[in-house]
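Please look through the sequence and the model below before reading on.

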Amino acid sequence: MDLQIALLLGQDGLSNGAIYALLALALVLVFAVTRVIFIPQGEFVAFGALTLASLQAGRLPGTIWLVLALGTVIALVDGSRALRGRQFRRIPWIVLVNCGIPLLLAGVLFAVSAASLPLPVQVLLALMLVVPLGPMIYRLAYQPVAEASVLVLLIVSVAVHVTLIGIGLLFFGAEGSRTPAFTDVSFELGDTLLQGQTILVVVASVVLIVALYFFFERTIYGKALRATAMNRTGARLMGISGTLAGMLSFTLAASIGAFSGILISPITTIYYDSGFLIGLKGFVGAIIGGLASYPVAAAGAILVGLLESYSSFWASAFKEVIVFTLIIPVLLWRSLKTRHVEEE
Amino acid sequence: MKIKLSISKLFVLVAAAFAAGVQADINVGVTLSATGPAASLGIPEKNTVALLPATIAGQKVNYIVFDDASDTTTAVKNTRKLIAENKVDVVIGSTTSPNSLAMIDVVAEAETPMIAMAASSRIIEPMDGKRYWVFKTPQNDAQMATAIVQHMIDNNVKTVAYIGFADAYGEGWWNEFSKIAEARKIQIVANERFNRADTSVTGQVLKTIAAKPDAVLIGGAGTPAALPQKSLKERGYKGIIYQTHGVANADFLRVCGKDCEGTFLPAGPVLVAAQLPDSNPIKKAALEYVVKYEAANGKGTASTFGAHAWDASKLLVNAVPVALKKGQPGTPEFRKALRDALENTRNLTAAHGVFNMSPQDHLGFDQRSRVMVKIEGGNWKLVQ
């Protein structure tokens, strides 16, 4: 290995690591606030990328049907509850939010041909289609069992993951898609070529991480989420709704997932089931951070990206083995270092 | 007395005719991978099953289709269910080699013929008591690998690198290819693996390029095989790139785009059916399938994978009339007769080649079952 190869591998590892870092942050966020180990995190990556790809191919993304269907179910569930509680004034609002907005989105998709829109508008449309899935899934799958044990929530996560994979195959087909690059710029650095798209991934990830930092430090919603993460009961006593916190964290997780998908889809081919493995590598990063520390999780995810890149050079057949074996020493180290607290 | 006898004779005749009239339907069990990692192969097969003939030799045929989700355990479970509950006369499937290999024990135990749609030669070799019941329609990997090696020699390739899937497909191709390449004195300078779901193969590609091979063979199936090729081009690799027949569908061309120009691959003749010379008997059979499939599923949708299911049905259409003379569908005699008839298939022209089976060879394809194809202008082009 000469210096040039080492640099190229490092660049590759960093750009993958940046995506893993985003996902690791989302996983830590969801776990801290709702105690859900969010296995379907990766599915949002795939849905984001594939929705954008089908918009660009001029096809109607299947995601819109999912949003419409989930919205209708939520409207029915919440509506019947409001009826029983005789809160008639809430019903128009429930219907408007859960059915009206998705219908409006569907109308827009039918009215304009998405393939001819400029790229930023397409990205925005794709995000608007995928991000609502986050809070909707929380409302239907997790909110009814919000107080259950971590194990029950994990089982729900597995069910949601398997369902979303099946739906993904139905919507997007078995073959993958790749979207055109956001930028064709490339820089000559010494004798290595630095691709604009790779830089974009890293820069966008850093910007997003900084934005998240300010969200948690400076805004009232961010502080509410932090409070819930630290002490759920205490936060509730202070008037922070657990449901709102859950919805918010899932919205953030879905946005981060979909955005990551859109970022990497020009670099690699994304399949309906690619999300799982990407999410799992983010999860390794999150584990290194003990599912609690944001900076350590992000650093861990970058480490995963670098390790993956260099091991693919030295021993490509054992790449995944090496990446996932990393968990064992980390778990050993963590269990030796921290006092074990029995849950519940 | 004499009259009575003839009446009883007549009765027997009527009964026999009646029995022939209500003969049981032929039940064909199909298990394929319409979901899971092999879905891109299983879906065209499933679409093809919908086009198969509803009657063979005047006998109604029921197709019972199960999805095994590319999972070996499910494939075995499906096979047991098809045999025990649906009383099938023949099993078609499955899509992948591991699934098909696992099904052999089940069909042999139930003495039911099986026609696999998976490529590995291990499904029918070495011939033994169990594989006695097993046939297959796709070309063996070895046949395809020989075609690649021959093309390499013709194009003066001395050194070659291999980048393949880290699974049974990539491993199978590595075994076949490395064996044949070494025998023909082509030096293999790198051997790398990648995963279907990988987002980056930079490491493998850098190592490959550092070894400076004249050509690179990518052992992958479907659109994931485009990733190493795109990376090779991105890093400025100038040599010849070979793919395997696992990529032969329109989605691969869509995803790989201009980076796949000039790529060579071996494939079943059905892929370039329209370009075959009129003298080739396969042209007519292959076009028949392509036209039928595209009429039902849209232009440009036909792939070589669905044609394997089509060929399995061709074998049945040829064998069932013979077997019907020996027994009723639903009986062990019929299944045995069907197996014998399948083994006696001679000069049957199908979409992928001409079948000439023998007790030792339950595939029966020769050189005509593969062509070299070049990707040109975003299309498959037959290499003469």
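How many residues of chain B are in contact with residues of chain A? In this predicted model, local features need pLDDT of at least 70 and side-chain atom pairs count only at pLDDT 80 or more, while totals for chains, interfaces and linings use all residues. Residues are numbered from 1 along each chain as its sequence is written, and chains are lettered from A and ligands numbered from 1 in the order in which they are written.

Between the two chains, 26 residues of chain B are in contact with 26 residues of chain A, where contact means that the C-beta atoms of two residues, placed from the backbone, lie within 7 Å. On the side of chain B that touches chain A, two or more residues each come from α2, β8 (187-194), α7 (202-210), α8 (226-234) and α9 (250-256) of chain B; helices (H or I, at least four residues) and strands (E, at least two) are DSSP runs, numbered from the N terminus. The largest share of that side, 6 residues, is given by α7(B).

Chain B also holds an open sheet of 6 strands in the order β2-β3-β1-β4-β5-β6, with mixed pairing; two strands pair if DSSP finds at least two bridges between them. Because β2 (55-56) and β6 of chain B stand at the edges with a single partner strand each, one side of each is left without a neighbour in the sheet. The strands β5(B) and β6(B) run parallel and are joined by 3 bridges, and A116(B) stands opposite K136(B) in β6(B).

The backbone has some places that call for a closer look. Most residues other than glycine have a negative phi, and most peptide bonds are trans. Another cis peptide bond, with omega about -10°, joins E125(B) and P126(B), and P126(B) is in the loop between β5 (114-116) and β6 (134-136) of chain B.

Two residues other than glycine have a positive phi, as the table sets out.

| Residue | Phi | Loop |
|---|---|---|
| N156(B) | about 65° | between α5 (141-154) and β7 (159-165) of chain B |

L291(A) is partly exposed, with 17 other C-beta atoms within 10 Å, whereas N156(B) is exposed, with 9; a residue is buried if 20 or more other C-beta atoms, placed from the backbone, lie within 10 Å of its own, exposed if 12 or fewer, and partly exposed in between.
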